[in-house]
Amino acid sequence: MGHNMNTFLTKGAKNKKVEVMGLNKPKVVILGAGYGGMMTTVRLQKLIGSNDAEVILVNQHNYHYQSAWLHEPAAGTLHHDQTRILIDDVIDKNKVNLVIDTVTEIKKDEKKVVLENGREIDYDILVIGLGFEPATFGIPGLKEYAFGIVNVNAVREIRQHIELMFAKYNNVQEPKEDLLTFVVGGAGFSGVEFLGEFVNRVPELCKEYDVPREKVRILSVEGSPTIMPGFDKELVDYATNFFERHNVELHTGTLLKECTPEGIKMAKGDDIIEVKAKTVIWTGGVQGNSLVGEAGFEVNRGRCPVRKDLRAPGHDDVFIVGDCALIMNEETGRPYPPTAQAAIQESYVLARNIKKLLDGQTDLEEFVYQPKGTVASLGEKDGIGIIGNKKVFGGQAAFWKKVIDNRYLFLLGGMKLVLKKGKLNMF
Ligand code: FAD
């Protein structure tokens with residue numbers, strides 16, 4: 001499967017070419033190779049010639065990973081290599097220089113970006129696509145003791161940790177319920193998708209580690225009155241029923257108050273309930289990468305309210321894409337939720353707008369988000385969603401989810417990438 005593990009190195013590989021080439025060409029620097037940054041790069045390389053600009057893509061790792069698939073490797077139902085792609089395999093190296101490093105600061109007034117190794121890169125045009133980080137809303141202990149489904153490194157640890165809890169169970173004395181008590185904080189999209197995978201994985205783990213299923217306790221803690229707040233009622237009812245059938249305790253209308261090394265405290269009305277659990281996974285909210293606010297851009301939960309052409313207010317040389325950008329839904333007066341779907345759509349307009357700037361044009365295109373629907377998986381074979389304006393459930397939803405996942409791979413790297421990394425078990 002995929003590449004040899006050694007090819008997925010992190011950091012260290014510095015691209016010396018950057019300093020010596022293209023001194024007179026305009027410099028386009030793209031930060032982050034997530035959905036937004038990666039797709040912007042791939043679109044841009046199709047639009048420009050190698051002499052039009054020096055394009056530099058800066059990313060923490062030499063791979064692009066699909067955040068929207070991370071619940072699967074976290075639960076252990078998919079190998080994490082299936083969610084990641086070597087960036088070198090999709091960029092045109094005649095047009096794009098990849099710098100593998102971590103951005104530590106954006107100095108917008110000096111038009112520079114600072115990297116972890118102390119090096120600075122200056123830019124003429126900057127694209128910020130640094131993605132999301134967990135929002136913990138000041139809940140004590142979450143940062144220290146809860147896991148987050150945030151990147152490849154994090155989900156690898158979650159999978160290993162879960163297995164270790166099962167492996168330990170038969171080797172320790174009572175009381176030991178905390179080993180097999182799993183708390184998922186937040187039952188929005190990613191929490192529900194993780195739970196959907198996890199309930200499918202549990203029977204396998206029980207079998208592998210000789211643990212009776214009834215010893216495993218799975219709790220979902222959600223502040224709103226239902227799981228998947230904001231979703232269509234019929235879909236929510238379907239998902240609720242799915243979890244009840246799989247013995248997940250749904251604690252809706254319940255606030256996670258604190259996370260400790262022993263477990264959690266949650267509040268249901270006036271009652272404070274303590275649950276001993278060695279595994280707490282927080283999926284209760286995300287915010288934009290804090291580097292955006294730290295750089296002095298206007299932010300709302302880390303997301304910069306971009307102009308219609310996707311540039312930051314007051315900065316004609318800075319575009320912001322994906323979860324770092326906040327785009328208003330003018331019909332509802334509320335921001336669109338941060339999604340891969342939005343990041344991908346933005347990248348098309350963004351690449352065309354960069355091309356316009358490089359050509360000296362000032363009539364930039366305006367971005368209009370076109371929601372195509374949403375599908376949440378409930379494990380590999382089940383799900384709920386809306387495609388266009390049609391509701392889908394069960395196997396049909398699972399099928400659409402795979403179509404969506406494969407479509408993205410196709411947009412990024414064509415049929416070759418679909419065959420290599422796609423979900424080909426469609427039915
Ligand atoms: P990301 O994809 O997060 O990419 C950011 C990139 O920046 C990463 O490559 C990261 O390594 C890099 N980076 C970060 N910081 C630095 C730094 N300091 N220096 C260098 N590089 C850095 N959306 C949907 O549309 N549909 C779904 O079904 C869906 N399901 C989801 C399920 C889960 C479990 C999760 C967690 C999210 C899901 N989402 C879904 C949301 C979607 O994943 C995000 O909206 C999307 O990833 C945002 O894309 P992005 O390009 O802004 O950032």
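Begin at the ligand and select the residues around it: there are 32, of which G36, V103, D323, A340 and K401 come nearest. A residue counts as near a molecule or strand if one of its heavy atoms lies within 4 Å of it. The model is predicted: local features need pLDDT of at least 70 and side-chain atom pairs count only at pLDDT 80 or more, while totals for chains, interfaces and linings use all residues. Residues are numbered from 1 along each chain as its sequence is written, and side-chain values use heavy atoms, with hydrogens and water left out.

Select K401: an N or O atom in its side chain is 2.8 Å from an oxygen atom of the ligand. Then select Y35, where a polar backbone atom is 3.1 Å from a ligand oxygen, and A68, where a polar backbone atom is 3.4 Å from a ligand oxygen.

Move on to I320. Together with L31 and I128, I320 has the most contacts inside the largest nonpolar core, which has 70 residues. Such a core is a set of buried Ala, Val, Leu, Ile, Met, Phe, Trp, Tyr and Cys residues joined through side-chain atoms within 4.5 Å. Buried means under 20% relative accessible area, exposed over 50%, and partly exposed in between (1.4 Å probe, protein chains only). In soluble globular proteins, nonpolar side chains tend to be buried together. Helix 9 (residues 340-358) supplies the largest share of this core, 8 residues. Helices (H or I, at least four residues) and strands (E, at least two) are DSSP runs, numbered from the N terminus.

Which residues are in contact with I320, leaving aside its neighbours within four places in sequence? They are I128, V292, C304, V306, L310, A312, A325 and L350, where contact means heavy atoms within 4.5 Å. Apart from this core lies another, of 43 residues, including V236 and F243.

From that list, select L310, in the loop between strand 20 (304-305) and strand 21 (318-320). L310 has a positive phi of about 75 degrees although it is not a glycine, and its relative accessible area is 0%.

Now select strand 18 (residues 279-282). Two strands pair if DSSP finds at least two bridges between them. Strand 11 (residues 147-148) runs parallel to strand 18 and is joined to it by 2 bridges; F147 has I281 as its bridge partner. Strand 12 also pairs with strand 18 in the parallel sense, over 4 bridges, and F182 stands opposite T279.

Two further loops deserve a stop. In the loop between helix 5 (152-169) and strand 12 (181-185) is P175; the peptide bond from E174 to P175 is cis, with omega near -5 degrees. F137, in the loop between strand 10 (132-134) and helix 4 (142-145), has a positive phi of about 50 degrees although it is not a glycine.

Finish at the open sheet of 3 strands, ordered 25-26-27 with antiparallel pairing. Strand 25 (373-377) and strand 27 (390-393) stand at the edges with a single partner strand each, so one side of each has no neighbour in the sheet. Strand 26 (residues 383-387) pairs with strand 27 over 4 bridges, and I386 stands opposite K391.

Conventions:
Polar contact = N/O pair within 3.5 Å; in protein donor to acceptor, adjacent residues only side chain to side chain.
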